[in-house]
Number of protein chains: 2
Amino acid sequence: MRPTKALERVVPIGTLAERTGVKVETIRYYEQVGLLPEPERSEGNQRRYGRAHVERLAFIKHARDLGFAVESIRTLLRLSDTPGMPCDEAHAIAAGHLGEVRDKIARLRSLEAELARIATVCSGGVAARDCAVIEALADHSHCEHHDH
Amino acid sequence: MRPTKALERVVPIGTLAERTGVKVETIRYYEQVGLLPEPERSEGNQRRYGRAHVERLAFIKHARDLGFAVESIRTLLRLSDTPGMPCDEAHAIAAGHLGEVRDKIARLRSLEAELARIATVCSGGVAARDCAVIEALADHSHCEHHDH
DNA sequence: CTTGAAGCTATAGTGGCTATAGGTTGTAGG
DNA sequence: CCTACAACCTATAGCCACTATAGCTTCAAG
């Protein structure tokens with residue numbers, strides 16, 4: 001009796017995808033852009049992954065889930081691969097990304113307020129000429145930079 | 001004495017760009033995807049815009065600033081062009097977009113919390129093997145779906 | 001040995017621009 | 001009138017991080 005799938009140490013790409021929650025196509029993409037090293041191949045040229053690949057792909061997925069760019073992940077992986085290096089760069093990447101996320105939140109919140117205001121005034125049912133949504137977009141009173 | 005630039009009624013693309021805050025290339029792109037109608041041309045084949053174009057482009061810019069997708073803007077413009085139509089669709093687009101923005105904010109906030117936690121634990125200066133950032137990414141304890 | 005799922009490569013498409021190359025036109029100064 | 005140069009033109013490729021498609025080959029169960 002062969003080992004069950006869940007315990008196998010050398011797995012094809014579909015199993016790697018299942019285990020990590022990363023799609024097959026995305027795994028091949030990560031290989032293509034050099035995030036994930038090229039694995040061994042079967043006699044029939046199919047990819048065969050080991051434990052190290054699972055670990056590395058999980059790392060990548062965590063980082064992507066946290067919104068890190070692929071380029072940042074490349075750097076983070078390099079740091080992770082050389083445990084003796086100082087981690088200042090990792091901290092800078094994380095702090096920088098946190099800043100970006102906070103900026104994005106701030107921008108979205110002001111968008112949210114504006115959209116909520118607009119969508120509340122018009123609940124549909126009226127003619128487009130009297131619609132607050134259309135009016136808000138056509139209106140120039142919010143233009144800060146230009147006097148058209 | 002010719003009218004000053006600011007008062008001219010028929011303007012080239014650069015002036016339209018200045019007046020609306022939309023880049024020249026982006027204006028041409030909007031024309032290409034059918035948001036902005038093709039303008040008249042000068043004898044030398046250069047675009048000449050009138051007041052209607054300024055209005056329409058301003059509408060587009062407001063909508064993009066609010067984060068509406070180009071496809072949504074296409075619909076909103078169509079509604080705006082036919083003022084007698086009921087505006088339910090416009091309301092649906094705005095409400096839908098508001099929902100998306102709120103979802104995005106929610107997701108970013110949980111990201112922010114996680115990143116802040118990670119970035120606070122490690123302020124740099126230690127070896128990568130002890131870095132909270134690297135560790136958090138390599139760590140499997142947050143994996144919900146898989147037992148790798 | 002057959003069948004069907006899973007794998008393979010290469011290529012194009014997504015959204016919303018932005019950039020580049022290589023040419024033409026408009027216009028102000030001399 | 002001529003020259004210089006900014007502004008304009010088209011067509012095409014690139015950006016990010018995938019996702020989808022077409023047309024194959026391989027693997028594994030029955």
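In chain B, B:R47 sits in strand 2, which spans residues 47-48 (strands are DSSP runs of E with at least two residues, helices runs of H or I with at least four, both numbered from the N terminus). This is a predicted model, in which local features need pLDDT of at least 70 and side-chain atom pairs count only at pLDDT 80 or more, while totals for chains, interfaces and linings use all residues. Residues are numbered from 1 along each chain as its sequence is written, chains are lettered from A and ligands numbered from 1 in the order in which they are written, and side-chain values use heavy atoms, with hydrogens and water left out.

**Surroundings of B:R47**

- B:R47 counts as buried because its relative accessibility is 19%, where buried means under 20% relative accessible area, exposed over 50% and partly exposed in between (1.4 Å probe, protein chains only).
- Its side chain makes a polar contact of 2.8 Å with the side chain of B:E31 (a pair of N or O atoms within 3.5 Å; within protein, one must be able to donate a hydrogen and the other to accept it, and residues adjacent in sequence count only if both atoms are side-chain atoms).

**Surface near DNA strand C**

- DNA strand C is surrounded by 19 residues, the closest being A:G14, A:R28, A:R47, B:Y30 and B:R64, with near meaning that a heavy atom of the residue lies within 4 Å.
- Of the atoms of DNA strand C that come within 4 Å of the protein, 90% belong to sugar and phosphate.
- A polar side-chain atom of B:Y30 lies 2.8 Å from a phosphate oxygen of DNA strand C.
- Helix 2 of chain B gives the largest share of this surface, three residues.
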